[in-house]
Amino acid sequence: MRPELERLRYLEQHLLGQLPASAPTWAVQVLLDPELAADAAAQRQLYQGLRLAGRRQLRQELKAIHQQLYGRRRRGWVHATLARLHALLPGRWSSH
């Protein structure tokens, strides 16, 4: 594998917690290699952005499911009763 891909794989494994035994080694490498520190920070931001986008999408999907299950919000009993009266007596209560 190319060295760039190996580096990215190592970086991802560390950020995802798959290399717990190498934490001291990681800290030394980050101190000695400013590019690795910058890459790690960029990758962390990318993961945070992906998590946030996933949460937003999940909220939208849940909202759509809720809308399908429950439809519009129920109006109060006064509004519902008045709407029924307006339906029964259409010509009497016009708002002029």
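Colleague: What is the relative accessibility of aspartate 39?

Modeller: This is a predicted model, in which local features need pLDDT of at least 70 and side-chain atom pairs count only at pLDDT 80 or more, whereas totals for chains, interfaces and linings use all residues. Residues are numbered from 1 along each chain as its sequence is written, and side-chain values use heavy atoms, with hydrogens and water left out. A residue is called buried under 20% relative accessible area, exposed over 50%, and partly exposed in between (1.4 Å probe, protein chains only). Aspartate 39 counts as partly exposed because its relative accessibility is 34%.

Colleague: Which residue forms a salt bridge with aspartate 39?

Modeller: Side chains of opposite charge can pair when their charged atoms come close. A salt bridge requires a side-chain nitrogen of Lys or Arg within 4 Å of a carboxyl oxygen of Asp or Glu. For aspartate 39, the closest N and O atoms are 3.4 Å apart, and the partner is arginine 7.

Colleague: How many residues apart are arginine 7 and aspartate 39?

Modeller: Helices are DSSP runs (H or I, at least four residues), as are strands (E, at least two), and they are numbered from the N terminus. Arginine 7 stands in helix α1 and aspartate 39 in helix α3, so that the pair links distant parts of the chain, at a separation in residues of 32.

Colleague: Which glutamate pairs with arginine 9?

Modeller: The structure holds four salt bridges. In one of them, arginine 9 has its closest N and O atoms 2.8 Å from the partner's. Both residues lie in helix α1 (residues 3-15), three residues apart, about one turn of the helix. The partner of arginine 9 is glutamate 6.

Colleague: Is glutamine 43 buried or exposed?

Modeller: Glutamine 43 is placed in helix α3. Leaving aside neighbours within four places in sequence, glutamine 43 is in contact (heavy atoms within 4.5 Å) with Leu8, Leu11, Glu12 and Leu15. Because the relative accessibility of glutamine 43 is 11%, the residue counts as buried.

Colleague: At what angle do helix α2 and helix α3 pack?

Modeller: Two packed helices are described by the angle between their axes and the distance between the axes. Axes are lines fitted to C-alpha atoms, for helices over the stretch in contact, and angles run from 0 to 180 degrees between N-to-C directions. The axes of α2 (residues 23-32) and α3 (residues 34-70) are 5 Å apart, and the angle is about 110°.

Colleague: How many helices does the protein have?

Modeller: Read along the sequence, the protein follows the pattern α-α-α-α. The secondary structure has zero strands, and the number of helices is four.

Colleague: What percentage of the residues in the protein is buried?

Modeller: The protein has 96 residues. Among them are residues that count as buried, such as glutamine 43. The buried share is 9%.
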